[in-house]
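Take a short walk through this protein model. Begin with one loop, then move on to the ligand and the strands.

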Amino acid sequence: MAVKRIAQILSDTGVVIPKIAGKSGDTIPVIYPATAELVTCFREDTAADVDAAVSAAREAFESGPWRRFPASERQQLLRRAGAIIREHRDELAVLETLCAGLPVSHLTGRQIPRAAENFDFFADYIATLAGETFEQEPGYLTLVTREPAGVAALVAPWNAPLALASMQIASSIAFGNSCVSKPSEYTPLAVGRMVELLERAGLPEGVVNVVNGRGAVTGQALVSHPGVDRIAFTGGTATAKAIMTSAASNLTPVHMELGGKSANLVFDDSDLERAVDGSLINIFSNSGQMCIAGSRILLQRRIAGEFIERFVDRSRRIRVGDPMDPATEVGPLAYEAHMNKVLSYTGIAREEGAEILAGGGRVDSLAPGFFVEPTVVLVENNSLRVCQEEIFGPFATLQICDDADEAIAIANDSEFGLVGYAWTENMALGLKLQQSIRAGTIWINTPLLRDPASAQNSTPRKRPRSYRGPVLH
Ligand code: NAD
């Protein structure tokens, strides 16, 4: 089936492409990944534009009403923000699809509701905060109170733009901070529209500001700005290092959520049908462009044959196609260079001696869209590049192991430590895995469930390079 082109999408949905208020910099194109058509162009924000946005955030923080509001008033506005996002769900989903290529049904069903929930969650959370009193010194009371930090710089990636930018925005402003959000240069539209909606929901001017542009220009100007009090960054490890270096010149604290190469362990006592389903979701949702993708699937030998047969068969039957079609399960990758990077790993896998069991190529019938076949590769050794490097695409490695200790050792043999998955009916084993796999979150018999309340405390045990961490306050 042909992929719907932009003109048709806009005419069918009535969605209007918002103007991005970029000011003085280079012209940046936004490309629809499903057809490679130009959606729009915007002028990149330069250091001077970033300075103006930081000043607006500072002014709102120092002189505006936001941080002086009682929590109940901030709660009301945060809930209104959630409500207005829900009201505009379909429009936001179309804008997001046009930039990121994510299937619209996934956006309307999961990611846009999640963006709204982020505001609701922090509305609830701020009502539970309390200070502390210390009474150890006779005659003295030491009070610890919670104060907002000031201006937050929020740098977001392209793989789940609205869901992740909304998390950063909600978690910073809920406590009285103001912020400057920088979406990825590939995906500015839905985030920009959401910020307009936040103002319509009644958020005071200057509390949430947006700048747009590439990381090396706009992002770099933002994270090295001396007027920024906190930085929250979601993205890749190399960028995180660059941001920490920029932040160091002003001693600005940085909160990071980075990449992953997470293990998905399937044991021989698991409910195999559920494990196959969950493992497919863990690696192929969002075309595998997820920090929490379960990209290394480790199989206990006794069930390996049956699992591989079912998993490969189901991978081949995944409906890859038009992200505007509600029946589509997997859309295109977000941009051409990323697609080429993901495709290059098929060659790397072959050179390393891995066996390609499914996919491995571009979906030529959907070109010039950036579609890649769900790819499954059998490996014998976790030291291969396809097991160690974050591919960030629909690319699963399968590896067979004998027992839990071997599986844990392989799971932990990684530079990353974001999350892990395991499928077993043995809860004693589940607890052992939870304690032995070095990652911030371990899901047992659970695909991709998010509980924001637990995410606040799931810091990594050993590896600081990637984690799901605490909120900004
Ligand atoms: P990226 O690191 O290339 O870019 C992320 C953001 O940083 C973009 O907005 C980019 O413009 C900006 N940026 C780039 N260089 C910068 C610089 N020098 N200074 C300031 N900003 C700069 O990441 P990406 O390709 O957009 O996203 C993919 C990565 O994000 C993957 O590694 C993925 O695992 C990770 N990720 C992590 C989480 C999480 O919660 N842990 C969630 C989603 C994605």
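In which loop does serine 287 lie? Serine 287 sits in the loop between helix H10 (272–284) and S11. The model is a predicted one. Look at the backbone of serine 287. Its phi is positive, about 55°, although serine 287 is not a glycine. Most residues other than glycine have a negative phi. Is serine 287 buried or exposed? Serine 287 counts as buried because its relative accessibility is 2%, and the cut-off for buried is under 20%.

Leucine 251 belongs to the loop between H9 and strand S9 (254–257). Leucine 251 has a relative accessible area of 74%, so it is exposed; the cut-off for exposed is over 50%.

Alanine 367 and proline 368 are joined by a cis peptide bond, with omega about 10°. Most peptide bonds are trans. Proline 368 is in the loop between strand S12 (355–358) and strand S13 (375–379).

Strand S11 covers residues 296–300 and is mostly covered, with five of its five residues buried. Both faces are covered. Arg296, Leu298 and Gln300 are buried on one side. Ile297 and Leu299 are buried on the other. Strand S10 (residues 263–266) runs parallel to S11, and four bridges join the two. Asparagine 264 stands opposite isoleucine 297 in S11.

Turn to the ligand. How many residues surround the ligand? There are 29, and the closest are Ala156, Glu185, Thr239, Leu258 and Glu390. Several contacts can be picked out. A backbone N or O atom of alanine 156 is 2.7 Å from an oxygen atom of the ligand. Glutamate 185 uses a polar side-chain atom, 2.7 Å from a ligand oxygen atom. Threonine 239 also uses a polar side-chain atom, and the distance to an oxygen atom of the ligand is 2.6 Å. On its own, the ligand has 850 Å² of accessible area, and the protein covers 88% of it.

Which elements give two or more residues to the shell around the ligand? They are helix H8 (215–223), strand S8 (230–234) and helix H9 (237–248). H8 gives the largest share, four residues. By type, the shell divides into 14 nonpolar, 11 polar and four charged residues. Domain 1 (6–257) and domain 2 (263–456) each give at least three residues to the shell.

Some buried sites remain. Glycine 227 lies in the loop between H8 and S8. Glycine 227 counts as buried because its relative accessibility is 17%. The C-alpha atoms of glycine 227 and alanine 57 are 9.3 Å apart, although 170 residues separate them along the chain.

Next comes the loop between strand S5 (151–155) and helix H6 (161–173), where asparagine 159 has its place. Asparagine 159 has a relative accessible area of 6%, so it is buried. Its C-alpha atom lies 8.4 Å from that of leucine 102, a residue 57 positions away along the chain.

Finish in helix H6, where serine 166 lies. Serine 166 is buried because its relative accessible area is 0%. A polar atom of the serine 166 side chain lies 2.9 Å from the backbone oxygen of alanine 163.

Note on methods: Residues are numbered from 1 along each chain as its sequence is written. This is a predicted model: local features need pLDDT of at least 70, side-chain atom pairs count only at pLDDT 80 or more; totals for chains, interfaces and linings use all residues. Side-chain values use heavy atoms; hydrogens and water are left out. A residue is near a molecule or strand if one of its heavy atoms lies within 4 Å of it. A polar contact is a pair of N or O atoms within 3.5 Å; within protein, one must be able to donate a hydrogen and the other to accept it, and residues adjacent in sequence count only if both atoms are side-chain atoms. Accessible areas come from the Shrake-Rupley method with a 1.4 Å probe; for residues, only the protein chains shown count as cover. Ala, Val, Leu, Ile, Met, Phe, Trp, Tyr, Cys and Pro count as nonpolar, Asp, Glu, Lys and Arg as charged, and the others, Gly among them, as polar. Domain bounds come from an automatic or database domain assignment. Buried means under 20% relative accessible area, exposed over 50%, partly exposed in between (1.4 Å probe, protein chains only). Two strands pair if DSSP finds at least two bridges between them.
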